[in-house]
Protein chains: 2
Amino acid sequence: MPTVDIHTHMYPPLLMSLLRARQQIPYVRTFDARIGPRLIILPTEEASTSTAKGRPIGPAYFDISAKIAFMDRHGIDVSVLSLANPWLDWVASGEAAGVARGVNDDMEGMCAGFEGRLFFFGTLPLSASEEAVVGEVQRLKGLKHCRGVVMGTSGLGEGLDDAMLDALWRVLEEEGMVLFLHPHYGLPDEVYGPRKSEYGHVLPLAMGFPLETTIAVTRMLLSGVFDRFPKLQVLLAHSGGTLPFLAGRIESCIAHDAHLMKQAAAGGRRDVWDVLKKNIYLDAVVYSQLGLKAAIEASGKDRLMFGTDHPFFPPLEEEEEGGGEWLSVTSNVKAVRDAMGERKEDVDGILGGNAVRVLRLGV
Amino acid sequence: MPTVDIHTHMYPPLLMSLLRARQQIPYVRTFDARIGPRLIILPTEEASTSTAKGRPIGPAYFDISAKIAFMDRHGIDVSVLSLANPWLDWVASGEAAGVARGVNDDMEGMCAGFEGRLFFFGTLPLSASEEAVVGEVQRLKGLKHCRGVVMGTSGLGEGLDDAMLDALWRVLEEEGMVLFLHPHYGLPDEVYGPRKSEYGHVLPLAMGFPLETTIAVTRMLLSGVFDRFPKLQVLLAHSGGTLPFLAGRIESCIAHDAHLMKQAAAGGRRDVWDVLKKNIYLDAVVYSQLGLKAAIEASGKDRLMFGTDHPFFPPLEEEEEGGGEWLSVTSNVKAVRDAMGERKEDVDGILGGNAVRVLRLGV
């Protein structure tokens with residue numbers, strides 16, 4: 001059974017040239033020639049007064065041969081690429097449809113160069129219009145290596161409980177395309193308190209990202225998206241953020257709200273547990289056996305899929321980056337093996353079999 | 001083995017009279033005589049234009065005989081009372097020490113009236129000064145029925161990673177008093193999007209509260225509180241918010257931060273898993289078997305303690321409130337029984353045995 005990485009990011013050539021030309025977030029810029037170019041994708045990174053703000057943007061971010069080398073080093077047979085956050089959320093409305101086509105064609109081209117090893121989730125021109133979004137989904141369906149779409153939590157600008165998105169949910173459901181839902185905006189800085197900067201990116205990345213995902217998918221649930229589109233398939237980044245752990249509390253809060261329960265009685269509401277088992281897939285990017293077990297209990301072992309989040313979370317040591325395996329990868333592989341114990345078939349399923357089946361990778 | 005509820009709130013008489021006299025949050029007020037008095041404790045509740053804003057504040061909130069009746073109806077032998085949020089965070093600095101003494105003496109008096117059935121967590125005059133806080137902890141230690149202190153996440157105003165709180169951590173550690181950490185402020189409204197009000201209090205209660213707790217305790221961890229005070233004992237509300245599920249991601253983010261790892265190497269940093277198993281207790285207020293199992297895996301079955309969150313989350317039906325058991329209680333009891341299966345000893349431990357041992361209830 002192949003090992004498949006369904007959470008792995010790339011900035012293809014067209015996007016890199018756009019990022020290099022920009023003067024505001026997201027952008028790539030060389031502040032200090034001795035340090036080299038930096039990628040800034042989060043507003044908090046720009047606030048830093050250090051010349052080393054953001055992160056180094058090496059070939060792992062844009063060179064497909066670096067991705068293949070990373071895969072080979074870690075025994076990853078197949079990768080399902082997705083554009084990294086913030087996707088095309090920042091592109092001007094009039095340009096978004098064209099940029100999306102260009103980026104997706106770049107992705108398709110990269111995949112075609114390594115037949116059988118690469119697939120991708122397409123990117124949507126969300127700042128354009130719902131028509132443009134639907135049109136691009138239909139076009140993506142015709143690309144040989146595309147298996148779904150990736151997007152953030154802002155949708156057309158008002159979140160994923162926006163009724164204007166019904167056109168997108170409908171076409172995804174009709175075309176059998178998986179939606180990979182990924183966080184980007186996190187939570188407002190003030191929630192982390194006055195000493196946030198002393199803790200690096202730990203609080204926004206470890207808490208803001210997972211909560212953003214959890215809030216987004218809960219808004220979909222509360223607004224009835226999964227009632228209207230019962231076959232919509234959503235892959236949640238980072239094992240659902242915190243959805244598995246909070247599912248019970250979400251249901252309890254709904255059950256104690258008279259208004260919501262009256263609506264539910266009228267509309268045949270599906271509860272979070274039903275949605276988790278029929279509509280949600282979870283990646284296995286959770287860095288602990290505990291988290292992985294909870295994710296499995298929430299959605300089922302047939303709905304978990306291994307991922308790396310590459311090229312983010314590189315090792316701290318340069319030498320390690322040059323040669324050994326990445327901790328961010330090995331810790332997630334270990335979590336799968338530890339959680340599943342002797343059940344090799346289940347380990348294989350999470351490390352690759354589920355992705356092959358769900359995403360029709362045919363390898 | 002007795003059943004013990006360690007998460008159950010009261011507004012004692014002194015506090016009720018203060019709340020009734022106030023004109024801003026938190027306060028008790030009758031907007032409409034036909035509806036009766038309402039309690040407003042969250043800023044978002046005041047924004048409502050409904051005459052029914054906030055929640056009805058019946059005897060369950062302030063009458064100890066209503067608490068005893070609730071306990072009897074649910075087979076709860078012992079309750080460890082705590083003042084509900086937002087405690088005394090809102091009390092003027094100069095008055096806080098006196099109000100804290102009054103409230104705590106009220107609590108002690110209520111417990112003395114039902115010997116063997118009631119204990120309490122004291123409230124701190126956090127808006128006064130660290131000296132006042134330390135003094136009240138020492139005074140509380142001398143009260144027969146006090147077993148610890150309850151507090152929110154703002155500390156002296158700057159969060160729980162404020163070095164000024166070291167005096168509090170020190171005295172709690174020295175006196176062997178448990179800190180019950182409970183959320184109140186949640187997250188800024190904007191994170192829930194433009195349709196938040198359509199979903200009642202679900203998003204702030206199911207997501208904001210747990211995240212507030214998780215961020216607060218992670219800030220304690222990152223600022224080295226548990227390194228400096230290795231015997232500090234903290235009971236986290238709602239099974240730690242989301243700490244069990246996110247622990248792996250927190251550790252991974254720290255392990256990928258060069259600055260934090262350099263600090264850690266110098267200071268002998270304890271990781272989140274070690275702290276979970278030696279410093280953290282979790283209540284069992286998580287409303288799902290999945291959540292309870294994750295909490296047990298995080299801290300160990302000897303560190304979980306049953307709670308109800310009474311008088312919050314009353315049943316929707318008036319009749320049910322008058323007679324039957326509350327769903328918010330039975331769902332948590334069921335989660336314990338389902339998670340522990342046939343292991344009666346473990347069920348008994350979580351439902352009461354652990355609290356008797358940890359809080360020295362001697363019943």
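**Notes on strands, a helix and salt bridges**

1. Strand 7 of chain A and strand 8 (residues 178-181) of chain A run parallel and are joined by four bridges; strands count as paired if DSSP finds at least two bridges between them. Within this pair, A:V149 stands opposite A:L179 in strand 8 of chain A. To get from strand 7 to strand 8 of chain A, the chain passes through helix 6 of chain A in a right-handed β-α-β crossover. Right-handed here means that, with the strands pointing away from the viewer, the path from the first strand over the helix to the second runs clockwise.

2. A word on provenance: this is a predicted model, in which local features need pLDDT of at least 70 and side-chain atom pairs count only at pLDDT 80 or more, while totals for chains, interfaces and linings use all residues. Residues are numbered from 1 along each chain as its sequence is written, chains are lettered from A and ligands numbered from 1 in the order in which they are written, and side-chain values use heavy atoms, with hydrogens and water left out. Helices (H or I, at least four residues) and strands (E, at least two) are DSSP runs, numbered from the N terminus.

3. Strand 7 of chain A also pairs with strand 6 (residues 118-123) of chain A, again parallel and through four bridges. There, A:T123 stands opposite A:V150 in strand 7 of chain A. Strand 6, helix 5 (residues 130-141) and strand 7 of chain A form a right-handed β-α-β unit.

4. Is strand 7 of chain A buried or exposed? Six of its six residues are buried, so strand 7 of chain A is largely enclosed by the rest of the structure. Buried means under 20% relative accessible area, exposed over 50%, and partly exposed in between (1.4 Å probe, protein chains only).

5. Please also look at helix 14 (residues 327-340) of chain A. After helix 14 of chain A comes A:G341, with a positive phi near 60°.

6. Over all chains, the whole structure has 38 salt bridges, each a side-chain nitrogen of Lys or Arg within 4 Å of a carboxyl oxygen of Asp or Glu. One of them joins A:D161 to A:R219, with the closest N and O atoms 2.8 Å apart. This pair links distant parts of the chain, 58 residues apart: A:D161 lies in the loop between strand 7 (146-151) and helix 6 (166-175) of chain A, and A:R219 in helix 7 (residues 202-222) of chain A. A:D161 is buried at 6% relative accessible area, and A:R219 is buried at 8%. A:E158, A:D161, A:D162, A:R219 and B:R195 are linked in a salt-bridge network.

7. In chain B, B:K278 forms a salt bridge with B:D274, the closest N and O atoms being 2.7 Å apart. The two residues are four apart in helix 11 (residues 272-278) of chain B, which means they are separated by about one helical turn.
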